[in-house]
Amino acid sequence: MLDALGDATRRSVFELLAAGPRSVAEIAADLPVSRPAVSQHLKVLKEARLVSSTAVGTRRVYALDPQGLAAVRGYFDQFWNHALAAFAQAVEQPPEETP
């Protein structure tokens, strides 16, 4: 999942979808890339389970995938939880006496 967000354009697509569902045309209108390029970026994001799509008439509308986001958050939470535990342990230790 993180590899999919490693590309700056894909991150921009991802960030646009954070504001709400959009079609390829709507995404391309806000980026300096073509519709086919946006489609390729969406394909990578979809394979990484970061976005999902639904058919609306003759077009596809893309949105962030809550399950994929939960997996990314879980990944980062493990580091955050470890950092908090280390901080709590450091705070709870009695200060070392200096000779």
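Modeller: Strands β2 and β3 form a hairpin, with two residues between them. Gly 57 sits in the turn and has a positive phi of about 65°. Keep in mind that this is a predicted model.

Colleague: How many bridges join β2 to β3, and do they run parallel or antiparallel?

Modeller: Six bridges, antiparallel. β2 covers residues 51-56 and β3 covers residues 59-64.

Colleague: What stands opposite Ser 53?

Modeller: Tyr 62, in β3.

Colleague: New topic. How many salt bridges does the structure hold?

Modeller: Two. In one, Arg 22 pairs with Asp 30, and the closest N and O atoms are 2.4 Å apart. In the other, Arg 73 meets Asp 77 at 3.3 Å, N to O.

Colleague: Is Arg 22 buried or exposed?

Modeller: Buried: its relative accessible area is 19%, and the cut-off is under 20%. Asp 30 is partly exposed, at 45%.

Colleague: And how are Arg 73 and Asp 77 placed in helix α4?

Modeller: They are four residues apart in α4, so about one helical turn separates them. Arg 73 counts as exposed at 58% relative accessibility. Asp 77 counts as partly exposed at 26%.

Colleague: Which residues form the nonpolar patch on the surface?

Modeller: Leu 2, Tyr 75, Phe 76 and Phe 79. Together they have about 390 Å² of accessible area.

Colleague: Where is Tyr 75 found?

Modeller: In helix α4, residues 66-92. Tyr 75 is partly exposed, with a relative accessible area of 37%.

How values were computed: Residues numbered from 1 in each chain as written. Predicted model: local features only at pLDDT ≥ 70, side-chain atom pairs only at ≥ 80, totals over all residues. Heavy atoms only, no water. Pairing = 2+ DSSP bridges. Patch = residues over 30% accessible without salt bridge, like charges linked within 9 Å, V, L, I, M, F, W, Y side chains within 5 Å. Areas by Shrake-Rupley, 256 points an atom, 1.4 Å probe, with all protein chains shown as cover. Salt bridge = Lys/Arg side-chain N within 4 Å of Asp/Glu carboxyl O. Buried < 20%, exposed > 50% of the residue type's maximum accessible area, 1.4 Å probe, protein only.
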